[in-house]
Amino acid sequence: MTEKLKVLVCGDIESNFDVIFDKVRNLNKKTPFAFLLCVGNFFTDGNYEALEKYKSGIKNIPIPTYILGPNSKAQEEIYNKLNINETNNEICPNLNYLGRKGVYTLSSKFTLAYLSGKQVPEGEDKEPWQFDKKDVLAVRNAALKNFSNIDDYRGIDFLLTSQWADGITESEEKDTSKLVSFLSLNVKPRYHFCALNDKHFEKLPFRLPAVNIRSIEPVSRFISLAKVNNPAKSKFLYAMNIQPLIEMRLTELMMKSTDEIECPYISMDFSTVIGEEKESSNAQFFWGSPSDNNEQNRRRQRNDQQQNKRFKPMIDQDKCWFCLQSPDIDKHLIISIGEHFYLALAKSPVNDYHVLIIPISHIQAVSHLTDELFQELDIFKKSIKKFYESLNMVAVFFERNYLTSHSIVNAVPISHDLEWQLPETLKDKAEEFSLSFETIPKITSPKDLPEKGAYFIVEFGQETQITRSMKHFPINFGRDFVCAEPLLNCESKVDWKNCKLPVHIEEDLVTKFKEAYKPFDFNDKEDDSD
């Protein structure tokens, strides 16, 4: 069981980097802190030069620090100037950008839901630094997607927003958002931190309503923090000693205190910002919050239990090489990013166009995907097949769900002239390693794959073959197959560790691939149409 950890949360830093990081450094000398979470304005409009000494290494940030995105057009320009985005989220050592929106699990097992920016005013066009209903629903869905039963959902540790939730105080506060209130009600944070109003305010703890009589009613605390170095000397840094929610006993979560008040969101009408919603006096719609498309919503409600069983529980994405949020990911290999998958050059590719299709979130295998995610994977595969065809090549796809924790679909092009060699070469390789392959129909759904247990699957032309005889299965079998003499004839590249490339050559290959692939990249086309 994880022990309690000391953590810090900070309000608007507004480019006062020396003030906050020196203070954290001094505190950390006395009592070690695990991490620092920052809400509100990290930069002041037009001012970012003070960060250069940290980027250059002249000064250091003492503990892992996580920040939100911009809250104005001027701040958006700073993030763009410094190339701070979801794919380039490490600003400097110990300083990381969480992103526009999402859910993230730290290595210490604390779970963060985050929403950057401000709510777009009604009737106005959305700016890049603003959020709307779709963004809020995306965060809520990301928090809930790993739970097939609503009774299993206990909430999250932290909700981080810059903007205040609406309805928190009886007096009218500036810069509040009813969408943030809806989000807090649905993701059920133990702590909701925000800033922007230059005010330290803590509301008495309140219980978020249960979905049904078997669900728990977790306690939530709303805390707003002031600006760093504010003249009124209002509190801008909050320290706590807590244990991750996932490690807490149910009795601890249910324990009541004498100062609890009624949930401020329970009587709010969200139909003006979310749409019509069925509500009762003591429950909010959990899975069935309205979507933009009623038919899609009805389909999702019918299939939720079956679909969500295919997800694995949240794990530490910091330590996975392939999770897009991981600090260890080789960002220079990334070619294209979709909604749920990204495309990257293979590490030590067997040829110049060997790429990987990888889920952005931590999902072990294609067999664990929902139908929605599988559809995007299929779109990626079709676009790659068309790209290879333009090069007079055919695509070979293979996936190994064995001794791996993150799904990877390899895509390797083979000359059209050698396509006839593929079935026989696979048969020869299978015999060499005493493997038994079975020809199966084309995979059209993750349900067509074994939901439990290991497997290796390969696709080329009209062929789809799979094996589940995984005892002593050779880890590099996929590469061994395509590198065989009748095909690529490069057996020295079977083990990727023996043919690593310098970073500058990898960067050149990525640039070459991007330029050639651009007409087939559906993500690039979407960007152009915005």
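A residue is called buried under 20% relative accessible area, exposed over 50%, and partly exposed in between. In this predicted model, E90 has a relative accessibility of 38% and therefore counts as partly exposed. E90 is found in strand β4, which covers residues 90-92. When its neighbours within four places in sequence are left aside, E90 is in contact with L95, N96, P327 and K331. Although E90 and Q325 are 235 residues apart in sequence, their C-alpha atoms are 9.7 Å apart in space.

Strand β4 belongs to an open sheet of six strands, which has the order β4-β5-β3-β2-β1-β17 and mixed pairing. The edge strands, each of which pairs on one side only, are β4 and β17 (237-242), and the twist from one strand to the next averages 25°. Within this sheet, β1 (residues 5-10) and β2 (residues 36-38) pair in the parallel sense over three bridges, and C10 stands opposite C38 in β2.

The second largest pocket has a volume of about 970 Å³. Its lining is made up of 35 residues, and W321, F322, L356, I408 and W496 are those that lie nearest the centre of the pocket. At least two lining residues are supplied by each of β19 (341-345), β20 (355-359), β21 (393-401) and α10 (477-482). The table divides the lining of this pocket by residue class.

| Class of lining residue | Count in the second largest pocket |
|---|---|
| Nonpolar | 19 residues |
| Polar | seven residues |

Methods
Residues numbered from 1 in each chain as written. Predicted model: local features only at pLDDT ≥ 70, side-chain atom pairs only at ≥ 80, totals over all residues. Heavy atoms only, no water. 1 Å grid on protein atoms, 1.4 Å probe; cavity = no way out; pocket = protein on both sides within 12 Å on 5 of 7 lines; lining within 4 Å. Points joined across faces, edges and corners; volume = space filled by probe spheres on them. Helix = DSSP H or I, 4+ residues; strand = E, 2+ residues; numbered from the N terminus. Nonpolar A, V, L, I, M, F, W, Y, C, P; charged D, E, K, R; others polar. Buried < 20%, exposed > 50% of the residue type's maximum accessible area, 1.4 Å probe, protein only. Contact = heavy atoms within 4.5 Å. Pairing = 2+ DSSP bridges. Axes fitted to C-alpha atoms, helices over the stretch in contact; angles between N-to-C directions.
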